[in-house]
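Trainee: I have just opened this entry and would like to learn how its features get their names. Could you take me through them step by step?
Mentor: Gladly; let us look together.

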Amino acid sequence: MTMNNILKITGAAAVLLCAVACGNNNGGEEAAAGEVKTPIVEVASVSRENVPYANVYSSTVQANIVNNIAPQNGARIVKINAEIGDFVSAGQILAEMDGSNLEQARLRLKNSEDELNRVKQLFDEGGISQSDFDALELNYNVSKRSYENLLENTVLRSPISGVVTARNYDRGDMYGMSQPLYTVQQITPVKLLVPISESDYTKVKKGDKVTVTADALPGNSYVGSIVRIYPTMDAATHTFNVEVQVRNEKRELRPGMFARATVDFGSVENIVIPDQAAVKMQGAGTRQVFVLNPDNTVSIKVVTLGRHYDNKFEVLEGLDGDETIVVKGHSLLRAGDKVEVR
């Protein structure tokens, strides 16, 4: 056999093998193309539940009362009795000013009191007129009020129980009336001003409970209540303030802390669905769900969602409440597809 014949036989065999192999491959592809798999899905029934209505708002902790303590007139400071950070009680002496004017006022009061007591007996016996007695009594009352006013501005007391947050002068300074001598803040309780959306204006009332958390105190929560509702709206933000008071008995919340206030508006019965059933429509901001029909085909309904809670969505529009919807396996579904329920 010549070399040319050998080459011809070898080439023919290769062509035959290729034809057989290619034929087998094409047959497999046609079989795969002809095979249609039914999507397997998981479904759930639409239900109605009481949907909790609560919103979380950012706020800042504030002292319930802030008192700036200072004498009425300039004077020398002779005693300093409290420092920044001290907790003081109502009526506690914080500082004392120079008392020379106070002593003079005390002497004038003593003299007026003695004079009034002396003439009172004469007045009772008819020895002086009513007008003269009234003039002496008036002089005594004026002296007494002047002394009490000087005493209040010489011996400085805290009008509230709280913490000293500022001391702007030292002992021996001449008080110059430019800033307060002390600032005392009441932090039991504390308060927060919470900006509520105007759409919720009719939902809040005095006495409603509010849960407060602070970033500086992780893991802790505090219960407060609404004590005041502001009567006007902010035209720029369309919000109104409510004042929330927290007892803060352990003094853990401090003025200036960033806090979050959760306001509970109660609950409303509505349709709810598992959140994984809501599919975002491509190219749009709307959501849709696949509804299972009696013949095991699916149809699409566009829904309007409300609140999200506990892995559920509230449905405001789009469902009647008696549907069965697809919760898993809907990634490749189209309207009209027949499905197999797992």
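Trainee: How many salt bridges does the count come to?
Mentor: The count comes to 14 salt bridges, where a salt bridge is a side-chain nitrogen of Lys or Arg within 4 Å of a carboxyl oxygen of Asp or Glu. Keep in mind that this is a predicted model, in which local features need pLDDT of at least 70, side-chain atom pairs count only at pLDDT 80 or more, and totals for chains, interfaces and linings use all residues. Residues are numbered from 1 along each chain as its sequence is written, and side-chain values use heavy atoms, with hydrogens and water left out.

Trainee: What makes arginine 342 and glutamate 42 a salt bridge?
Mentor: Their side chains meet at 3.3 Å, N to O, and the rule asks for within 4 Å, so the pair qualifies. Arginine 342 lies in the segment after strand E18 (340–341) and glutamate 42 in strand E1 (residues 40–45), so the pair ties together parts that are 300 residues apart in sequence. Strands (E, at least two residues) and helices (H or I, at least four) are DSSP runs, numbered from the N terminus.

Trainee: Why does arginine 342 count as exposed?
Mentor: Exposed means over 50% relative accessible area, buried under 20%, and partly exposed in between (1.4 Å probe, protein chains only). Arginine 342 has 68% relative accessibility, so it counts as exposed. Glutamate 42, at 26%, counts as partly exposed.

Trainee: Which strands does E1 pair with, and how do they run?
Mentor: Two strands pair if DSSP finds at least two bridges between them. Two bridges join E1 to E18, and these strands run parallel; isoleucine 40 stands opposite glutamate 340 in E18. Four bridges join E1 to strand E17 (residues 324–328), and here the strands run antiparallel. In E17, threonine 324 is the bridge partner of serine 45.

Trainee: Are arginine 247 and glutamate 249 buried or exposed?
Mentor: Both are exposed. Their side chains also meet in a salt bridge (2.8 Å, N to O).

Trainee: How many aromatic pairs does the structure hold?
Mentor: The structure holds three aromatic pairs. Rings of Phe, Tyr and Trp (its six-membered ring) pair if their centres lie within 6.5 Å; planes under 30 degrees apart count as stacked, over 60 as edge-to-face and the rest as tilted.

Trainee: Why is the pair of phenylalanine 123 and phenylalanine 133 called stacked?
Mentor: The centres are 4.6 Å apart and the planes are at 15°, so the pair meets the distance rule and the angle is that of a stacked pair. Phenylalanine 123 is in helix H2 (residues 100–124) and phenylalanine 133 in helix H3, 10 residues apart. Phenylalanine 123 counts as partly exposed at 23%, whereas phenylalanine 133 is buried at 9%.

Trainee: And what makes tyrosine 201 and phenylalanine 240 edge-to-face?
Mentor: With 4.9 Å centre to centre and 80° between the planes, the pair passes the distance rule and its angle is therefore edge-to-face. Tyrosine 201 lies in the loop between strand E8 (182–197) and strand E9 (209–214) and phenylalanine 240 in strand E11 (residues 239–246), so the pair ties together parts that are 39 residues apart in sequence. Tyrosine 201 is partly exposed at 37%, while phenylalanine 240 counts as buried at 1%.

Trainee: Why is one side of strand E3 and of strand E6 left without a neighbour in the sheet?
Mentor: An open sheet of three strands has the order E3-E5-E6, with antiparallel pairing. Strand E3 (77–80) and strand E6 (155–157) stand at the edges with a single partner strand each, so one side of each has no neighbour in the sheet. Three bridges join E3 to strand E5 (residues 93–97), and lysine 79 stands opposite glutamate 96 in E5.
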